[in-house]
Amino acid sequence: MSAPYRDLDPENWDSVRALGHRMIDDMIDHLATVRQRPVWQPMPDAVRDSFQAATLPTTPTPLDVIYQEFQDRIQPFTAGNIHPRFMGWVHGGGNVVGMLADLLAGGLNANLGGRDHAPIAVERQIMRWCADLFGFPPDSTGILVTGSSLANLIGVLIARRQRLGATVRTAGLKDAPLVGYAATSAHGCIARAFDFAGLGTDALRRIACDGAGRMRLDLLDAEIAADRAAGLIPFIVIGTAGTVDTGAIDDLNALADRAAAHDLWFHVDGAFGAFAHLSPRLRPLVAGIERADSLAFDFHKWAQIPYDAGCVLVRDGVAHAETFAAPAAYLQRETRGLAAGHPWFCDFGPDLSRGFRALKVWFTLRAYGTDHLGRVIDHCCAMAHDLAARIDAAPHLERAAPVALNIVCFRHLGPARDLDAFNRTLVIALQESGVAVPSTTTIDGHLVIRIALVNHRVGPEDLDQLMAAVAHYGAVLTGTD
Ligand SMILES: *Cc1c(COP(=O)(O)O)cnc(C)c1O
């Protein structure tokens, strides 16, 4: 005899309510007390093994038991990017308003692929706000996606469709020799986008940079001329506003001029740096961003919205829809009823079913306002310059790159031999100490320590602790402590 059917709603809503309230209280405490904990701690083997050992749950486990396991085995062992001294990678710090909005979105369980409902109006409103923010025309289109990796791919796909016409969507590339251009400092996801778009990574020409980490325009011109002479078809140039390694920003106005002169699609990867536009002081650094044909950026980095929330904005909305809309589906849309509301978001990207990412963006933008978010970005850059000055004043440290935005690269001069190995070990020691999490990158063939200040919670006291820990572990590893 099998048990009578039950749906998935709780037998007792009051106990779920009580536990739900406790979860919110606990998580708000977790955010409020973040400074009292290590940035990161390694996951003990027992914890790691416990995930491996558990088999598929075919029968119910009480929610409070699961929640206890979450508190014991998951919550303490995250990467730590909500912590102000998580400085290793360009990860956002999140915010409590966005967290609450995510809870609400989970309750609504909206699907934003299409149809005519208010959640869609929210995402459209965000796209209009973004167009306004970045100086795009009001009829430009956009869509929230997982992150800039996908947003950059979307830019490449639209450019590909524009150059080859509609047949590329039915007949494929047919060996069309498309080539595109980005700086050597461009993010790895650009080459991956060329791979996914069927162009192959070799079709991405990597143009060398000047001393400030910007694409060299003379080399770009020469490469385009050589490719045309060889019978290839240049179709896109990709500028970066804020490289992950050093925060360098391409000369976007010059790239826009080149794109116009050579009849290329101009895409900007502004994953985190695009939001420098929110700060009146920093805005000139990204001048020209408003001239992009398509712009990729992440709400989940500098805009502090909880993961995941990337965005692509496209100047020519027709080109955007022509790349993704399925004509058959599109022509059958209703003009009234729930199946109206054309165009749908599924016409602007690869996903059909889509969650309500827009709600956490909407809540966060409204709760703080873009002026405040701009001040966060300003603050991170000011902290980076403060840190650079401290490094320049420290005899045992040497800076490795100019500070364009919020990223500081340096190395510890430690013992004279094998500085790469020394700095790599120093970074691991810092991470394992739980005091601060820097990372490493390679500049001019040298391994260097990278500090990316993205978290809105970072302050001078965090730089004090970082500098003290660098001095301490540097001395320990040099053997003078
Ligand atoms: C983070 C980043 C990406 C990739 O974005 P995701 O959101 O991680 O997919 C691309 N380009 C730059 C410059 C980035 O900083």
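Let's start with two strands, S4 and S5. S4 covers residues 233–240 and S5 covers residues 265–269. They pair in the parallel sense, over 5 bridges. For a landmark, find Val237: it stands opposite Phe266 in S5. Keep in mind that this is a predicted model.

Now zoom out to the sheet. It is open and has 7 strands. The order runs S1-S7-S6-S5-S4-S2-S3, and the pairing is mixed. Which strands stand at the edges? Strand S1, residues 141–145, and strand S3, residues 204–207. Each has a single partner strand, so one side of each is left without a neighbour in the sheet. From one strand to the next, the twist averages 20°.

Next, the core. The largest nonpolar core holds 127 residues. Which of them touch the most other members? Phe194, Phe297 and Phe299. Helix H13, residues 357–393, gives the most to this core: 14 residues.

Take Phe299 by itself. Leaving aside residues up to four places away in sequence, its contacts include Ile126, Cys130, Leu144, Phe275 and Gln304. Val361 and Leu365 are also among them.

Last stop, helix H6, residues 148–164. Is H6 largely enclosed or left open? Of its 17 residues, 13 are buried, so the rest of the structure largely encloses it. At 1.5 Å a residue, H6 should span 24 Å, and its end C-alpha atoms are 24 Å apart, so the two agree. Just after H6 comes Gly165, with a positive phi of about 80°.

Key: Residues are numbered from 1 along each chain as its sequence is written. This is a predicted model: local features need pLDDT of at least 70, side-chain atom pairs count only at pLDDT 80 or more; totals for chains, interfaces and linings use all residues. Side-chain values use heavy atoms; hydrogens and water are left out. Two strands pair if DSSP finds at least two bridges between them. Helices (H or I, at least four residues) and strands (E, at least two) are DSSP runs, numbered from the N terminus. Axes are lines fitted to C-alpha atoms, for helices over the stretch in contact, and angles run from 0 to 180 degrees between N-to-C directions. A nonpolar core is a set of buried Ala, Val, Leu, Ile, Met, Phe, Trp, Tyr and Cys residues joined through side-chain atoms within 4.5 Å. Buried means under 20% relative accessible area, exposed over 50%, partly exposed in between (1.4 Å probe, protein chains only). Contact means heavy atoms within 4.5 Å. The expected span of a helix is 1.5 Å times one less than its number of residues.
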